[in-house]
Amino acid sequence: MNKYISKVVKVGPYKLGGKNPVRVQSMCTTDTRDVSSTVKQILALEKAGCEIIRVAVPDMVAAKALGKIKKQIHIPLVADIHLNYELALEAAEQGVDKIRINPGNIGTDENVKKVVAVCKKKKIPIRIGINGGSLEKDILKKYKGKVTAAGMVESAMRHIRILEKHNFKNILISLKASDIERTVEAYRMLAKKVKYPLHIGVTEAGTIFRGTVMSSIGLGTLLYEGIGATLRVSLTADPLEEMKVAWEILKSLKLRKRGVTVTSCPTCGRTQIDLINLAEKVEEAVKFMDKDIHIAVMGCVVNGPGEAREADIGVAGGQGAGAIFRHGQVVKSVKENEILAALLEEIEKL
Ligand code: SF4
């Protein structure tokens, strides 16, 4: 399969697109005007693996708060702006690293010119964000009132052409629909037309369970095809949950590495230890560990030792006991109630 390779755009210290790492991003749920709550949420997200953070900028008070927020965080800050070009000008003055705004929605060409001028001067990229729920009326009419992937791409191209007309090419694009089919189709279509880096996401994906499944399928499909310079998992939940899902998607596709990966078998009639409980405890114990290692928690001697050997550290359960492996070698056998401690001891040694 020919994978999509986009051009590169810089957001803060990160190069997005090309063969650069796919970056994880999220959006604050706090009121941007409340600087301390917003900074607190961003710092927690940074710790959980967020690499780019977006905040809503609904008015001038929020726009003027951006500089104060930026000073207290360590990752690129993105201003999310709708309709009002003056907020974009203020956000740029406040030093944001990227602005999400659709140039076709900010009034006259003069307004676009002003936003483009400040973004060029300050080297701030613009993300054009197409959302299936807010397509232009004439595009909707053309597609018989239906939100289609083709309509979303048409809308994106319209905004892209406006920026290109002003000789502005420091662009990223997103095309989010609330279902996988249209989202994937829209990104595939756009990837054939332009080479700008793509911000991918399935919008309004739902609560943690449904949203995780939707995002994993949708974003996983796109990432597998090389589409996606940065991703946002949208969940109706604390954004910290989005970090877990986003990283697990990237780790599962072997696109990024971060922290400890725990694999475990599904258990079956051969399992003779309380493996589900053990796997959960291991996952909990290593969740903030900053080691790039793989731990296998396996239930029995049929498949267990083989899998456990593939990992850096592993356990294969037996009858009320477990054999601990390190890099393919059995290092010890312990009683069931000692397995967790023995695993953690081996992890510490790595
Ligand atoms: S590793 Fe063993 S216990 Fe786990 S599912 Fe496979 S056969 Fe069953």
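**Entry 1: domains**

Which domains does the domain assignment give for the protein chain? I looked this up before anything else, keeping in mind that the model is predicted. The assignment gives domain 1, covering 9-252, and domain 2, covering 261-349. I then checked how far apart they sit: their C-alpha centres are 40 Å from each other.

**Entry 2: the sheet of 8 strands**

Next I traced a sheet strand by strand. I found 8 strands in an open sheet, ordered β8-β7-β6-β5-β4-β3-β10-β9, with parallel pairing. I looked for the edges and found β8 (171-176) and β9 (199-200) there; each has a single partner strand, so one side of each lacks a neighbour in the sheet.

I picked one pair to look at in detail. Strand β5, residues 77-80, pairs with strand β6, residues 98-100, in the parallel sense over 3 bridges. Here I noted that alanine 79 is opposite isoleucine 99 in β6.

What lies across β3 and β10? I found helix α9 (residues 239-252) there, lying across β3 (23-27) and β10 (230-232) and running at about 160° to β3.

I then followed α9 to a helix it packs with. Two packed helices are described by the angle between their axes and the distance between the axes, so I noted both. Helix α8 (residues 208-224) packs with α9 at an angle of about 35°, and their axes are 10 Å apart. I have their crossing down as right-handed. On the α8 side the residues in contact are Ile208, Thr212, Ser215, Ser216, Leu219 and Gly220, and these meet Glu241, Val245 and Ile249 in α9. By class, I get 4 nonpolar, 4 polar and 1 charged residues for this contact.

**Entry 3: the sheet of 5 strands**

I went on to another sheet. This one is open too, with 5 strands in the order β11-β12-β13-β14-β15 and mixed pairing. At its edges I found β11 (261-264) and β15, each with a single partner strand, so one side of each is left without a neighbour in the sheet. From one strand to the next, the twist averages 20°.

I checked two pairs for direction. Strand β12 (residues 294-298) and strand β13 (residues 313-317) run parallel, joined by 4 bridges. Valine 297 is opposite valine 315 in β13. Strand β14 (residues 321-326) and strand β15 (residues 329-335) run antiparallel, with 6 bridges between them. For isoleucine 324, I found lysine 332 in β15 as the bridge partner.

How many residues lie between β14 and β15 in their hairpin? I found 2, and in the turn histidine 327 has a positive phi of about 45°.

**Entry 4: helices α10 and α12**

I looked up another helix pair. Helix α10 (residues 275-286) packs with helix α12 (residues 339-349) at an angle of about 35°, with the axes 10 Å apart. The crossing of α10 past α12 is right-handed. In α10, I listed Leu278, Lys281, Val282, Ala285 and Val286; they meet Ile339, Leu340, Leu343, Leu344 and Ile347 in α12. By class, this contact comes out as 9 nonpolar, no polar and 1 charged residues.

**Entry 5: around the ligand**

Last stop, the ligand. Which residues come nearest to the ligand? Of the 12 residues around the ligand, I found Cys265, Cys268, Gly299, Cys300 and Asn303 to be the nearest. Sorting the shell by class, I noted 6 nonpolar, 5 polar and 1 charged residues.

Key:
Residues numbered from 1 in each chain as written. Predicted model: local features only at pLDDT ≥ 70, side-chain atom pairs only at ≥ 80, totals over all residues. Axes fitted to C-alpha atoms, helices over the stretch in contact; angles between N-to-C directions. Left-handed = near helix turned anticlockwise from the far one by under 90°. Contact = placed C-beta atoms within 7 Å. Nonpolar A, V, L, I, M, F, W, Y, C, P; charged D, E, K, R; others polar. Pairing = 2+ DSSP bridges. Near = placed C-beta within 6 Å. Domains from an automatic or database assignment.
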